[in-house]
Amino acid sequence: MQLKEVSARILDQIIQVTKQLEDQAFRQPLKVLSDNTIGKHIRHIIEFYDLMILGINSGEVNYDQRSHDRVIEENRLLAIEKMNSLKIEIEKISADSTLTLKANYNSNKDEPFNIVTSYYRELQYNIEHAIHHMAIIKIAIKSEFSSVQIPEGFGIAYSTIKYEKDKTCAQ
């Protein structure tokens, strides 16, 4: 299934980059990230995928329920372990299923509303969400850690990769 393969590829790319970083580099606040860390961006990706997986079991996904787990954002080996576990969990899912997405855009009170969605739609969302954060991570790596080898296509939308490939073939 294409969505599962792409998710695994994305998580593998993030793992590849994370393995090259020193512990301090993973958790170091960077000016180019407005004093955020690479670890925070990776933790954020992990938590979205994790909540999606939990939602498959409960029938409900609520991305606002992230734990903002500092241990994951500061411990790159734990982040790698978590991403490997997510790949296994994603691979186990054999069919699409209906989910309810809970969202709240009222910052003054807890007023979530429900949106009918599906596992495949949320998996697709997580792919795009991860690519967005990977693009930010890539900026930080190129700015601060030039020795880190960035995988081809890291942080680039698949539609952009296809467009560039098609454009090159047409010339």
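Predicted model: local features only at pLDDT ≥ 70, side-chain atom pairs only at ≥ 80, totals over all residues.
The protein chain has 7 helices and 3 strands, and its C-alpha atoms fill a box of roughly 45 × 45 × 30 Å along the principal axes.

**Overall layout**

- If you walk along the sequence, the elements of the protein chain come in the pattern α-α-α-β-α-α-β-β-α-α.

**The sheet**

- The 3 strands make an open sheet with mixed pairing, and their order is E1-E2-E3.
- At the edges sit strand E1 (60-61) and strand E3 (113-118), each of which pairs on one side only.
- Strand E2 (residues 98-103) and E3 run antiparallel and are joined by 6 bridges.
- Helix H6 (residues 119-144) lies across E2 and E3, and the helix runs at about 95 degrees to E3.

**The largest pocket**

- Where is empty space left? In general, rolling a probe the size of a water molecule over the atoms shows this.
- The largest pocket holds about 250 Å³ of space.
- E2, E3 and H6 are the elements that give two or more residues to the lining of this largest pocket.
- Its lining consists of 15 residues, and those nearest the centre of the pocket are Tyr63, Leu101, Ala103, Tyr105 and Tyr125.
- How many residues of each class line the largest pocket? The lining has 8 nonpolar, 5 charged and 2 polar residues.

**A loop to visit: Pro29**

- You will find Pro29 in the loop that lies between helix H2 (23-27) and helix H3 (38-58).
- Which residues does Pro29 touch, leaving aside those up to four places away in sequence? Pro29 touches Asp35, Asn36 and Thr37.
- Pro29 and Ile127 are 98 residues apart in sequence, and from C-alpha to C-alpha they are 25 Å apart in space.

Conventions: Residues numbered from 1 in each chain as written. Heavy atoms only, no water. Pairing = 2+ DSSP bridges. Helix = DSSP H or I, 4+ residues; strand = E, 2+ residues; numbered from the N terminus. Contact = heavy atoms within 4.5 Å. Axes fitted to C-alpha atoms, helices over the stretch in contact; angles between N-to-C directions. 1 Å grid on protein atoms, 1.4 Å probe; cavity = no way out; pocket = protein on both sides within 12 Å on 5 of 7 lines; lining within 4 Å. Points joined across faces, edges and corners; volume = space filled by probe spheres on them. Nonpolar A, V, L, I, M, F, W, Y, C, P; charged D, E, K, R; others polar.
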